[in-house]
Amino acid sequence: MLRLATALTLLTTLVAGAAWAGPPPPGDDRSAPGRGTNILVVGVDSRTGLSKAEKDRLHVGGAGCNCTDVMMLVHLSQDGRRASVVSIPRDSYVEYADGSGVLGKINGAYARGRGPLTVKTVEKVTGLHVDHYLETGFTGFEQAVNGLGGAALCTDKPLKDENSGLDLTPGMHHADGNGALRYVRARHIERPGDLGRVRRQQRAVSDLLTRLTVEGALADPIAAAETARTLLVSVRTGTGTDLADLVRLGTAFGQLRPERTEFATVPIKSFDHRVPGVGSTLLWHEERSRALWEALAADRPVTGDRRIQPVPETPAPTNPAGIRVRVDDAAVAAALLAGGFVVTDTSAAAPKARPAGPPMIRYAPGRESDAATLAAALPGARRQVVPGHDAYLDVAVGARSVTVKQVAYDRNVAEGAPVTADRLGCLAAR
């Protein structure tokens, strides 16, 4: 059962493995097959069949939407040497492929026409042919991750989300299936919304694959088969994909290296496009998303493609418009204000004699990303965490001359830029 079954099953653990169906039957109006193989992985938000005890344990109380909560398009290159995993945010505003002309969130395609319409809609908006379709639910996630011996989670700041039950302190953690489920489902932490959650999902998948490789769980066909058998307790294969397919594709997956496995998110133009009767939606960035799908159709890598993700000269991890800064130099304060920061000029009360050295940025614990954004605007600045510091970031301008650079915040770059597995996960960073 090989690496393909293992890799794809790991993807399903984002929301719990339930069932694997093959492609829709022949005769459907489908896009033409392209180079390589595309697998659509979706996780369905449904509480059907869950007891109250299971809902409480998994922290999934409330009514499900009967829609897809997670959607990933996995592309295996034709030569079998590269895999690209593209997350499609669930609130993407698209036209459904049922001929109705109705537009809505892409996760609503499942409620309108289950898996077949979900596949058709993804094909319609991407122009790509979907060769295989994976559909998952909640309960298998816990079983799958526990069967693999748990998952590695990491964070540089506290992560707490009452909705998912996540409560994670800074550092590296070993979580069971329940804890990992809370991690990948959390949406109301850090920067609220789907992009941060999608990146955590990608990191979880990357780390599972990395750990299994390091531990030798995929070292040979016997080990890989044993790992697959553990996972397939919670994932079933349908008639659309037979053993010959798994053997052929599994051999290719077995040759992949972390630097040849890449993760990306569809580039977004508008993160809060309001539609009456639909709510807040996401609009794709037309040029960048088109370049993404064209790259996959042409069987090219997506990392490093500046048409998909242009890299600004001075990228910022957070939006300067949300960062309040106090500066003891009028000229520097004016330049930072012009650069989009929220600035208070404290130069009138600053001492006349300035300390030697570069500027010093002082900030409260947990504000590391904001401090990094401010430091990008002040090349050479030092940073200091100060327990008990207030909501401002303080800049003490030293005796040296200071150059203030304009930083560029692009949420797509900050939260969803294409990245290879060897640079994404917790384990890769160690």
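Predicted model: local features only at pLDDT ≥ 70, side-chain atom pairs only at ≥ 80, totals over all residues.

Q: How far apart are Cys 67 and Asp 45, in sequence and in space?
A: They are 22 residues apart in sequence, and their C-alpha atoms are 5.6 Å apart in space.

Q: Is Cys 67 buried or exposed?
A: Buried. Its relative accessible area is 5%, and buried means under 20%.

Q: Which strand does E2 pair with, and which way do the two run?
A: E2 is joined to E3, residues 67-76, by nine bridges, and the two run antiparallel. For instance, Val 44 stands opposite Thr 68 in E3.

Q: How many residues of E2 are buried?
A: Nine of its nine residues, in a strand that covers 37-45.

Q: What about its two faces, which residues are on each?
A: In general, side chains in a regular strand alternate between the two faces of the sheet. In E2, one side has Thr 37, Ile 39, Val 41, Gly 43 and Asp 45, while the other has Asn 38, Leu 40, Val 42 and Val 44. Both faces are covered.

Q: Switching topic: where is Arg 82?
A: Arg 82 sits in the loop between E3 and strand E4, which spans 83-87.

Q: Why does Arg 82 count as buried?
A: Because its relative accessibility is 8%, and the cut-off for buried is under 20%.

Q: What does its side chain reach?
A: The side chain of Arg 82 reaches the backbone oxygen of Asp 299, at 2.6 Å. Setting aside neighbours within four places in sequence, Arg 82 also has contacts including His 75, Leu 256, Arg 260, Glu 262 and Pro 301.

Q: Let's do a sheet. What is the strand order in the open sheet of five strands?
A: The order is E16-E15-E19-E17-E18, and the pairing is mixed.

Q: Which strands stand at the edges?
A: E16 (342-345) and E18. Each has a single partner strand, so one side of each has no neighbour in the sheet. From one strand to the next, the twist averages 25°.

Q: How many bridges join E17 to E19?
A: Three, and those two strands run antiparallel.

Q: Why is H11 described as largely enclosed?
A: Because seven of its 10 residues, in a helix running 368-377, are buried. Among them are Ser 369, Asp 370, Leu 374 and Ala 377. The buried residues of H11 pack against helix H10 (330-338) as well as strands E15, E17, E18 and E19.

Q: Now aromatics. How many aromatic pairs does a search of the whole structure find?
A: One. Trp 284 and Trp 293 form that pair, which is tilted, with 5.7 Å centre to centre and 50° between the planes.

Q: Are those two buried or exposed?
A: Trp 284 counts as buried at 12% relative accessibility. Trp 293 is buried too, with a relative accessible area of 4%.

Q: Which ring does Arg 324 lie over?
A: Arg 324 lies over the face of Tyr 392, at 5.0 Å from the ring centre.

Q: One more spot: what's in the hairpin of E13 and E14?
A: There are three residues between the strands, and Gly 277 takes a positive phi near 80°. Five bridges join E13 (268-275) to E14 (279-284), running antiparallel. One of the pairings there is Ser 270 with Leu 283 in E14.

Q: Last one, the big picture: how many helices and strands does the protein have?
A: It has 13 helices and 20 strands. Buried residues make up 53% of its 430 residues.

How values were computed: Residues numbered from 1 in each chain as written. Heavy atoms only, no water. Phe/Tyr/Trp six-rings, centres within 6.5 Å; stacked < 30°, edge-to-face > 60°. Buried < 20%, exposed > 50% of the residue type's maximum accessible area, 1.4 Å probe, protein only. Lys NZ or Arg CZ within 6 Å of the ring centre and 35° of its normal. Helix = DSSP H or I, 4+ residues; strand = E, 2+ residues; numbered from the N terminus. Pairing = 2+ DSSP bridges. Contact = heavy atoms within 4.5 Å. Polar contact = N/O pair within 3.5 Å; in protein donor to acceptor, adjacent residues only side chain to side chain. Axes fitted to C-alpha atoms, helices over the stretch in contact; angles between N-to-C directions.
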